[in-house]
Amino acid sequence: MLEVRSLVVQYGKAQILHGVSLDVGAGQLVALVGPNGAGKTTTLRAIAGLVTWDLRVLRRQAFLSGQIRFLGQEVQGLLPHRIARLGLVLCPERRRPFRELTVRENLLAGALAQKDVRRVHNRLAEAYELFPALRERERQRAGTLSGGEQQMLAVARALMAAPRLLLIDEPSTGLAPLVKRSVFQQIRAVRDKGLPVLVVDQDASLALSLADLGYVLAQGQVVAQGPQLLGDDTVRRSFLGL
C-alpha cells in the first residue's frame with residue numbers, strides 16, 4: 001500500500017534522512033523505532049506532506065527528495081490535505097485534543113471533510129466500539145481526560161477521517177507502562193479491523209513486540225528491518241539500548 005524509496009530530508013546544512021526506504025502492506029501493523037533524533041517523526045511528516053509545508057511557513061532552505069507511493073500513486077509534492085483525502089492520515093504526536101470541546105465534538109471535528117452524514121455516524125459508532133471509554137465520556141470535555149484517554153481520542157479522531165492507512169506518531173509519550181500497553185493493544189485492534197498502521201514510538205520493545213514488521217532507524221538511515229527484530233541481539237544492544 002505504502003512504498004517509500006530513498007527519502008532524503010535536509011534542513012539547511014543539517015541532513016536528517018539519508019535515503020530511507022520502507023513498505024507497509026495491506027493489513028499490516030508496522031513499527032518504526034530508533035533512538036531520539038534518528039528521524040522517525042521527520043519520516044512520518046514527510047510521508048504526510050507536512051515537511052514541505054513547515055519549510056514554506058518557516059522560510060527555511062531545504063532539500064527533499066525520494067519517492068513516496070500510496071496505493072500506486074506518487075504523493076510526494078502533494079499538499080497535506082490532498083494526501084489526507086487519498087486516505088493517508090496522520091495522528092500527530094502529543095495528542096492535541098480541542099480541550100474545551102467534548103469527546104463527541106472532537107470526534108466529529110475529525111470528520112469535517114466527510115459529507116455523508118450517515119457514514120459519519122457509522123464511523124462514530126465504530127470509534128466507540130473500538131474505544132468504549134470514549135463512549136462513556138462522550139459529553140466530557142477533552143481537556144479533562146487522562147493522558148491515555150486523550151491518546152485514544154487522538155487515534156479515534158484520526159479514524160473519523162476515513163483513513164485507508166493510518167500514521168501514528170509517538171502514541172505512548174508520557175504514559176504509564178500499563179496504559180502504554182493498553183493503547184498499543186487498541187492500535188493492534190485497529191489493525192485487526194483491516195486498517196494498516198505505521199506507528200512511530202520511543203518504546204521500541206513494546207512497539208516491536210506487537211508489530212507485524214519493524215524498521216530500526218539510526219542517524220537518518222534504516223539499519224535493520226524484519227518481523228523478529230527483538231530476537232536479534234545486535235539490534236537490541238547496538239540500536240535499541242535493550
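The points below run from the overall fold to single residues.

1. Basis. This is a predicted model, in which local features need pLDDT of at least 70 and side-chain atom pairs count only at pLDDT 80 or more, while totals for chains, interfaces and linings use all residues. Residues are numbered from 1 along each chain as its sequence is written, and side-chain values use heavy atoms, with hydrogens and water left out.

2. Overall dimensions. The protein has a radius of gyration of 18 Å, which agrees with the value near 18 Å for a compact globule of 242 residues; the radius is taken over C-alpha atoms, and the globule rule is 2.2 Å times the number of residues to the power 0.38. Along the principal axes, the C-alpha atoms fill a box of roughly 45 × 40 × 30 Å.

3. Surface and burial. Of the 242 residues, 47% are buried, where buried means under 20% relative accessible area, exposed means over 50%, and partly exposed lies in between.

4. Secondary structure and contacts. The protein holds 10 helices and 10 strands, these being DSSP runs numbered from the N terminus (helices are H or I with at least four residues, strands are E with at least two). Among contacts (heavy atoms within 4.5 Å) between residues at least 6 apart in sequence, 67% join residues at least 24 apart.

5. The sheet. Six strands form an open sheet with mixed pairing in the order β6-β7-β8-β3-β9-β10, where two strands pair if DSSP finds at least two bridges between them. The edge strands, each pairing on one side only, are β6 and β10 (221-226), and the twist from one strand to the next averages 20°. Strands β7 (residues 165-169) and β8 (residues 197-200) run parallel and are joined by four bridges, with Leu 166 having Val 197 as its bridge partner in β8.

6. Helices. Lying across β6 and β7, helix α7 (residues 147-159) runs at about 165° to β6; axes are lines fitted to C-alpha atoms, for helices over the stretch in contact, and angles run from 0 to 180 degrees between N-to-C directions. Helix α1 (residues 40-47) is mostly covered, with six of its eight residues buried, among them Lys 40, Thr 42 and Leu 44.

7. Asp 212. Which residues does Asp 212 contact, leaving aside its neighbours within four places in sequence? They are Gly 27, Gln 28, Leu 29, Arg 191 and Pro 227. Asp 212 is found in the loop between α9 (204-210) and β9 (213-218), and is partly exposed because its relative accessible area is 28%. A polar contact of 2.6 Å joins its side chain to that of Arg 191, and the side chain of Asp 212 also reaches the backbone nitrogen of Leu 29 at 2.7 Å. A polar contact is a pair of N or O atoms within 3.5 Å; within protein, one must be able to donate a hydrogen and the other to accept it, and residues adjacent in sequence count only if both atoms are side-chain atoms.

8. Thr 102. In the loop between β6 (88-91) and α4 (103-109) lies Thr 102, which counts as buried because its relative accessible area is 19%.

Conventions. Buried < 20%, exposed > 50% of the residue type's maximum accessible area, 1.4 Å probe, protein only.
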